[in-house]
Amino acid sequence: MKRIPFGIPRLDSIIDGGAPAGSVVLLSGEAGAGAREFMYTSAVMNGLANGDTELFDLYYGDVQPETVFPDEVHYLSFTADEAQLTREIGLTIDEEIVEQSVEAITFHDLSDEYFNESQVPREWYAEKALTIEGLGSSHDSEGVLTAFSNCLDRVASGNLVVIDSLTDLVNTVSDERQWADITLIIKGLQKAAFQWEGLILLYINAETVQPEEHEQLVEATDGTMEFTWETGGSSRARTMFVKQFRGILPRIEAENIVRFETEINDSGFDISNVQKIR
């Protein structure tokens with residue numbers, strides 16, 4: 001089975017090289033617990049594999065036999081452009097790694113479609129103020145869900161797509177857009193992704209949705225990784241566990257792994273230790 005790497009070396013080595021091609025994976029966690037850093041690292045390491053193989057070998061190491069790297073890496077944001085995202089990623093990952101990888105990452109900024117549906121002044125998110133002539137085209141512009149699906153139609157086949165973030169999309173639920181619209185498009189995305197045979201990562205802050213809504217998102221995706229803070233005494237540590245994942249969870253259970261202790265270092269998100277059943 002073809003597997004697309006997450007870009008986290010120790011995790012990929014345990015699960016035979018990565019996620020099964022055609023998967024939609026929910027990265028869900030508490031604020032600051034590592035889900036966002038996991039997303040950044042996946043994009044950067046897969047970009048580095050195409051951008052600077054020497055640096056990739058240094059930070060990633062051996063590649064599993066079933067691993068197939070995506071031809072392209074796409075980063076889709078509802079609220080930020082390439083410059084903002086590159087700066088944000090650079091605050092987490094070593095500057096040299098970011099510089100050598102971002103040229104292999106294509107950024108898609110849906111801010112226009114996202115904020116056009118809101119009361120946010122256009123001058124705050126658009127490069128140019130709207131002219132009188134542009135008023136008509138603004139009102140005729142496509143909605144954010146249409147722009148989202150059109151973008152995926154163009155770029156997702158055979159590639160890694162990182163979506164930052166599902167939290168932003170959830171925030172558009174209103175009288176005009178129902179929660180069911182969100183879960184339906186994710187369910188449809190799962191169906192399409194199977195044919196595209198790439199890998200799609202969806203980031204969400206789990207604290208922004210109700211428990212039953214979160215379970216609906218879990219059900220609509222192929223896999224869910226949860227990122228939490230584990231506290232003990234006066235300290236706390238980041239941890240990750242696989243809640244459900246077809247083709248991955250049985251492999252982890254076979255190793256008696258309960259959860260992963262994680263850390264953020266110069267190369268991004270990493271596994272620092274593995275907790276097993278004693």
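## Salt bridges around E255

In this predicted model, K276 and E255 form a salt bridge in which the closest N and O atoms lie 4.0 Å apart. This pair connects distant parts of the chain: K276 belongs to strand β11 (residues 268-276), while E255 sits in the loop between α12 (249-254) and β10 (257-265), and 21 residues separate the two. E255 also takes part in a salt bridge with R251, where the closest N and O atoms are 3.0 Å apart.

K276 has a relative accessibility of 43% and counts as partly exposed. R251 is partly exposed at 28%, and E255 is partly exposed at 29%. Because buried means under 20% relative accessible area and exposed means over 50%, the value of 43% places K276 in the class between them. These residues belong to a network of salt bridges that links D16, R251, E255 and K276. For the model as a whole, the count of salt bridges comes to eight.

## The salt bridge between R3 and E66

Another salt bridge is formed by R3 and E66, with the closest N and O atoms 3.9 Å apart. This pair, too, links distant parts of the chain: R3 is in strand β1 (residues 3-4), E66 is in the loop between α3 and β4, and the two are 63 residues apart. R3 is buried, with a relative accessible area of 8%, whereas E66 is partly exposed, with a relative accessible area of 35%.

When neighbours within four places in sequence are left aside, T67 is in contact with R3, P5 and G17. R3, one of these contacts, is itself buried and forms the salt bridge with E66 described above.

Strand β7 covers residues 199-205, and seven of its seven residues are buried. The covering applies to both faces of the strand.

The bridge partner of I163 in β7 is L202.

## Packing of α8 against α10

Two packed helices are described by the angle between their axes and the distance between the axes. Helix α8 (residues 144-155) packs with helix α10 (residues 179-196) at an angle of about 5°, and their axes are 12 Å apart. Angles under 35 degrees count as roughly parallel, and α8 and α10 are therefore roughly parallel to each other.

From α8, the residues that make the contact are L145, F148, S149, L152 and D153; from α10, they are D181, I185, L189 and W196.

Terms used. Residues are numbered from 1 along each chain as its sequence is written. This is a predicted model: local features need pLDDT of at least 70, side-chain atom pairs count only at pLDDT 80 or more; totals for chains, interfaces and linings use all residues. Side-chain values use heavy atoms; hydrogens and water are left out. Contact means heavy atoms within 4.5 Å. Buried means under 20% relative accessible area, exposed over 50%, partly exposed in between (1.4 Å probe, protein chains only). Helices (H or I, at least four residues) and strands (E, at least two) are DSSP runs, numbered from the N terminus. Two strands pair if DSSP finds at least two bridges between them. A salt bridge is a side-chain nitrogen of Lys or Arg within 4 Å of a carboxyl oxygen of Asp or Glu. Axes are lines fitted to C-alpha atoms, for helices over the stretch in contact, and angles run from 0 to 180 degrees between N-to-C directions. Angles under 35 degrees count as roughly parallel, over 145 as roughly antiparallel, 65 to 115 as roughly perpendicular and the rest as oblique.
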